[in-house]
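Biologist: Could you walk me through the strands and the helices packed on them, going one piece at a time?
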Amino acid sequence: MAVFECAGCGAALTVPVAEVALPPHAHREGGDRYLPPLLEPGTFAVDPEPSEPPWRPWSAISPAQAAARGVYAPVDGLWSGPGGAVLLAPGDTRGTALIAEQCDGCCACAGGPNLACERCGRTVGARIDDCYRWQAVWLYPRAVRRAPVEGPARPDGDGWTVSPTPPVEPGGWWSDRWSAAVGEALAEVLAASGGAPVAVAPGLLAEIFGRTLHRLLPVGAPVRTLGLAGPGFTPAPVPDIALVPRHPWTGAAWQPPFGGVVPVPLDAAVWTHLAFPPLRPTTRLPAGEERDDPLPLRPRLLFEPDRRLLRHRLARLPAVRQPWLRAIYDRLGDRHHHRAASEGTP
Ligand SMILES: [Zn+2]
């Protein structure tokens with residue numbers, strides 16, 4: 001376990017926390033009205049990608065410099081400072097104070113430099129508790145240092161058993177976490193498709209992956225299949241592209257023990273719901289009283305993967321240098337395409 005300390009005065013800024021993988025919705029922007037903390041209490045995640053100034057526009061970055069940063073298609077620009085920002089659940093911070101004049105969000109703090117060390121006053125991070133944002137604290141890499149402390153680094157078990165996240169929120173809208181997770185995984189599914197149509201089994205998988213794949217890939221007879229594989233779930237037949245769970249602690253993709261499949265990692269909580277959907281109740285209310293039986297949740301809108309996260313991930317796949325995938329990347333960034341897609345036209 002670790003405690004994060006102020007790099008200026010050494011004051012402890014967190015309780016002891018254990019490291020987990022950065023979740024796919026860590027950088028999701030815009031979601032449902034009120035969102036819970038991004039991370040479970042007692043955990044932290046590190047974002048290796050630079051997030052500190054200076055900001056360099058794309059025009060000032062050579063293709064070789066971008067490739068050295070793991071970026072293979074044009075983006076608006078890149079932060080060029082250090083990476084390693086630390087994400088925490090807000091309740092796990094200690095000895096910090098809000099900088100009120102920096103809390104300039106719509107309802108509260110939008111995530112600017114608004115968190116100071118209470119002891120020395122140094123700016124150490126950002127608190128996010130605005131509407132449509134996940135509750136979070138980010139500690140800046142240059143402002144804190146990590147100190148190891150005694151304690152179990154991990155909970156019991158191997159980490160693969162996770163609680164499933166349902167795709168639809170109790171309010172009747174699609175889960176924000178699903179939009180982010182599917183957006184990120186879609187980038188690798190597209191790369192694995194080779195630019196040819198992909199068959200997706202009907203049902204939830206087709207609803208969340210199939211529609212976007214159909215929209216972005218050529219029309220025709222499917223060449224490859226998309227399915228699931230993971231611990232306790234052996235597909236038959238084995239799909240060409242298998243969505244596998246991403247380990248919640250390490251972020252590593254589950255490795256299939258069989259060959260002939262391209263594994264694509266997916267948020268383990270989303271994967272678990274897809275692989276082991278909860279059983280529907282078999283008992284019904286008596287005839288005439290069905291009106292009291294809760295109806296299954298059906299969102300008003302079709303599922304939309306997070307396009308910004310899809311494009312972010314695509315830009316970081318070497319495969320995007322192939323012309324067919326680069327064309328899809330460019331289409332996803334085209335505003336006219338974006339508007340047509342959101343209006344439901346192909
Ligand atoms: Zn301090």
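Biologist: How many bridges join strand β3 to β6, and do they run parallel or antiparallel?
Modeller: Bearing in mind that this is a predicted model, β3, which spans residues 43-47, is joined to β6 by four bridges, and the two strands run antiparallel. Asp47 has Ala85 in β6 as its bridge partner.
Biologist: And which strand does β6 pair with over three bridges?
Modeller: That is β10, residues 136-139, and the pairing is again antiparallel; here Leu88 has Val137 in β10 as its bridge partner.
Biologist: Are the residues on the two sides of β6 buried or exposed?
Modeller: They are buried on both faces of the strand, which covers residues 85-88, with Ala85 and Leu87 on one side and Val86 and Leu88 on the other. In general, side chains in a regular strand alternate between the two faces of the sheet.
Biologist: Switching topic, what is the strand order in the open sheet with parallel pairing?
Modeller: The order is β12-β13-β14-β15, four strands in an open sheet, and the edge strands, β12 (198-200) and β15 (262-267), each pair on one side only. From one strand to the next the twist averages 35°.
Biologist: What about the β12 and β13 pairing, how many bridges?
Modeller: There are three, in the parallel sense, with β13 covering residues 224-228, and Ala199 has Thr225 in β13 as its bridge partner.
Biologist: Which strands does helix α2 touch?
Modeller: Helix α2, residues 176-193, packs on the sheet and touches β12, β13, β14 and β15, with its direction at about 170° to that of β15.
Biologist: And where does α4 lie?
Modeller: Helix α4, residues 268-275, lies across β13, β14 and β15, and runs at about 105° to β15.

Conventions:
Residues are numbered from 1 along each chain as its sequence is written. This is a predicted model: local features need pLDDT of at least 70, side-chain atom pairs count only at pLDDT 80 or more; totals for chains, interfaces and linings use all residues. A residue is buried if 20 or more other C-beta atoms lie within 10 Å of its own, exposed if 12 or fewer, and partly exposed in between; C-beta atoms are placed from the backbone. Two strands pair if DSSP finds at least two bridges between them. Axes are lines fitted to C-alpha atoms, for helices over the stretch in contact, and angles run from 0 to 180 degrees between N-to-C directions. Two residues are in contact if their C-beta atoms, placed from the backbone, lie within 7 Å.
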